[in-house]
Amino acid sequence: MRVEHEFGAFYDAHSRVLILGSIPSPKSREQGFYYGHPRNRFWMVLADLLEEPMPDTVEARKAFLLRHHIALWDVLDSCEIRGADDASIKEPVANDMNLILKAADIQAVFTTGAKATSLYKKLCFPVCGVESIGLPSTSPANCGCSYERLKDEYRQIISYL
């Protein structure tokens, strides 16, 4: 099935870190915001690292991101994909990272998951020239990655905020 990104990048001029997934999952598209699957550990990890309660609504998540100068987007604008299976991605079309990179003071770009990292390197880096730092996926499909390991890996973000 061909999936088009249904909501835009989330950032403001004060954003310092850009975190990129591959493309929104069906649950995220249903919610209209990033990392929307209830078992995705993204929000819990960031909340723990930034010593705040976990934001549990889209509005609370947006306020959390703005407070901490974090921008969210996805590497892809569209692709063919089966459900939320990144391994099934075909015919990817990248987002233009320069939209955010020219509008905000981004100090580091992070990609979440191996597929987002490889797609960024192939499709985005040649256009924008900004390297990304790969992080493990927080998806429930990445159950082999412990919560403690996720926190250790995501801790890198803090030094750029």
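I began with helix α5 (residues 114–128), which lies across β2, β6 and β7. It runs at about 130 degrees to β6. Axes here are lines fitted to C-alpha atoms, for helices over the stretch in contact, and angles run from 0 to 180 degrees between N-to-C directions. Contact means heavy atoms within 4.5 Å. Helices (H or I, at least four residues) and strands (E, at least two) are DSSP runs, numbered from the N terminus.

I noted the basis: this is a predicted model, where local features need pLDDT of at least 70, side-chain atom pairs count only at pLDDT 80 or more, and totals for chains, interfaces and linings use all residues. Residues are numbered from 1 along each chain as its sequence is written, and side-chain values use heavy atoms, with hydrogens and water left out.

Next, the sheet. I found 4 strands in an open sheet, ordered β3-β2-β6-β7, with parallel pairing (at least two DSSP bridges between two strands). β3 (70–74) and β7 (132–135) are the edge strands, each pairing on one side only. The twist averages 25 degrees from one strand to the next.

I then checked β2 (residues 17–21) against β6 (residues 108–112): 4 bridges join them. V17 stands opposite A108 in β6.

Last, helix α3 (residues 58–67). Which of its residues are buried (under 20% relative accessible area, 1.4 Å probe, protein chains only)? They are V58, R61, F64 and L65. Seen down the axis of α3, they fall within an arc of 120 degrees (directions from the helix axis to the C-beta atoms), so they line one face of the helix. These buried residues pack against α1 (26–31), α2 (42–49) and β3. H69 follows α3, with a positive phi near 60 degrees.

Technical notes:
Buried means under 20% relative accessible area, exposed over 50%, partly exposed in between (1.4 Å probe, protein chains only).
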